[in-house]
Amino acid sequence: MDNGTALDNGAVPDNGTAPETAGDEVLRPHAEQQYAAELALLAEHDDRPRPPGWRLSPWAVTTYLLGGELPDGTEVSPKYIGPRRLVEVAVATLATDRALLLLGVPGTAKTWMSEHLAAAISGDSTLLVQGTAGTPEEAVRYGWNYARLLAEGPSERALVESPLMRAMRRGMVARVEELTRMPGDVQDSLITLLSEKTLPVPELNAEVQARRGFTVIATANDRDRGVNELSSALRRRFNTVVLPLPESEADEVEIVARRVAQLGRALELPEAPAGLEEIRRVVTVFRELRAGLTGDGRTKLKSPSGTLSTAEAISVVTSGLALAAHFGDGVLRAPDVAGGIVGAVLQDPASDRVVWQEYLETVVRDRPEWADFYRACREVS
Ligand SMILES: Nc1ncnc2c1ncn2[C@@H]1O[C@H](COP(=O)(O)OP(=O)(O)O)[C@@H](O)[C@H]1O
Ligand SMILES: [Mg+2]
């Protein structure tokens, strides 16, 4: 057999690529790859105490997430746009022996924040377990390489580490996505791991004791059947931070504009002028429909069934930019976003269509400066 060290090679089922294999051709580099330069600079300027196993101090991790300026004048770009206190609470939690649960509706940057926290704290965001109804216990504990197991019996070499076991051995952050979607017994296997910080391997009459620096960041969607599914025993192991929808329209426009610019660069879309007006319009439509109220507070609206999250606004604008760049004159205009907006709103063909028609005819039509948008929507509705 070729790879003698089964523990270090190919043992992470979720992602075969090691962090150092990033090239220009990678479609989506991990946070620690994409922001390697910023992370290195932060570490260099960071003279505050670092918790055991951490690459950066809590202060530097927070600066990495929220952005800021380093003593030498270098700008650190903001990754998360939202209340500072919330990020501080999340980071402080991870510096204790408690795990962190990020909770919120879809598209509130739970996954995004968890990736960036892991990148900043451990320098590796890839120790990830995706929670689904079919997540097996091996994904949380460990599995076996059956060929070896049959040939040699249970041994270290036949053991296949889970991302969590790996994180424990190395003293790093492990991520659990969509925790509440995992079956209850799989969730329960997290309990010992989080409370005792140890993972027994009875087959080898051994255990893996977590090294300092080990912790877990889990995300869960509060639109799923609910966190009620999370057993109270497990829930007690977590500090919960709820990620809110962007508070103001200006915040949301900034988030969308920033992410769209980054994505456009990554996809090498031809450079298009910001199209800030159009972005603002997308955000306004989403916010009004979400709130069930027009921005001026005068007209009550029905809300559609979809979430119309910031994340969806980002993808509507990004697709619009691709249309503008390849088929238009390069400037983002109403017809480039209309189709995307209508698609995002009409999740349930019957009920959402009524909601949308009403919004279109009572709100959009009455805004003189939205005439181009009204026309474009009529064409695709
Ligand atoms: N407050 C925010 N600050 C920065 N980016 C945000 C914010 N809210 C949403 N996003 C963007 O939305 C996208 C989707 O977020 P994601 O983490 O997948 O959502 P969730 O896991 O909560 O469903 C990400 O690309 C992220 O950049
Ligand atoms: Mg997510």
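**Close-up views of a predicted model**

**Figure 1. Packing around helix H3.** In this predicted model, the buried residues of H3 pack against helices H2 (36-45), H4 (84-95) and H5, and against strands E1 (68-69) and E2 (75-76). The buried positions in H3 are Pro58, Ala60, Val61, Thr62, Thr63, Tyr64 and Leu65.

Figure 2. The shell around ligand 1 holds 18 residues, of which Ala109, Lys110, Thr111, Trp112 and Ala311 come nearest. Two or more shell residues come from each of helix H5 (110-122), helix H10 (249-266) and helix H12 (310-327). By class, the shell has 9 nonpolar, 7 polar and 2 charged residues.

**Figure 3. Ligand 1 and the two domains.** Residues of the shell around ligand 1 are given by both domain 1 (19-242) and domain 2 (249-380), so the ligand lies between these domains.

**Figure 4. The fold as context for the close-ups.** The protein contains 15 helices and 11 strands. Its radius of gyration is 23 Å, close to the 21 Å from the globule rule for 381 residues, so the protein is as compact as a globular protein of that length. Along the principal axes, the C-alpha atoms fill a box of roughly 75 × 50 × 40 Å. Buried residues make up 38% of the 381. Of the contacts between residues at least 6 apart in sequence, 69% join residues at least 24 apart.

Terms used
Residues are numbered from 1 along each chain as its sequence is written. Chains are lettered from A and ligands numbered from 1 in the order in which they are written. This is a predicted model: local features need pLDDT of at least 70, side-chain atom pairs count only at pLDDT 80 or more; totals for chains, interfaces and linings use all residues. Helices (H or I, at least four residues) and strands (E, at least two) are DSSP runs, numbered from the N terminus. The radius of gyration is taken over C-alpha atoms; the globule rule is 2.2 Å times the number of residues to the power 0.38. A residue is buried if 20 or more other C-beta atoms lie within 10 Å of its own, exposed if 12 or fewer, and partly exposed in between; C-beta atoms are placed from the backbone. Two residues are in contact if their C-beta atoms, placed from the backbone, lie within 7 Å. A residue is near a molecule or strand if its C-beta atom, placed from the backbone, lies within 6 Å of it. Ala, Val, Leu, Ile, Met, Phe, Trp, Tyr, Cys and Pro count as nonpolar, Asp, Glu, Lys and Arg as charged, and the others, Gly among them, as polar. Domain bounds come from an automatic or database domain assignment.
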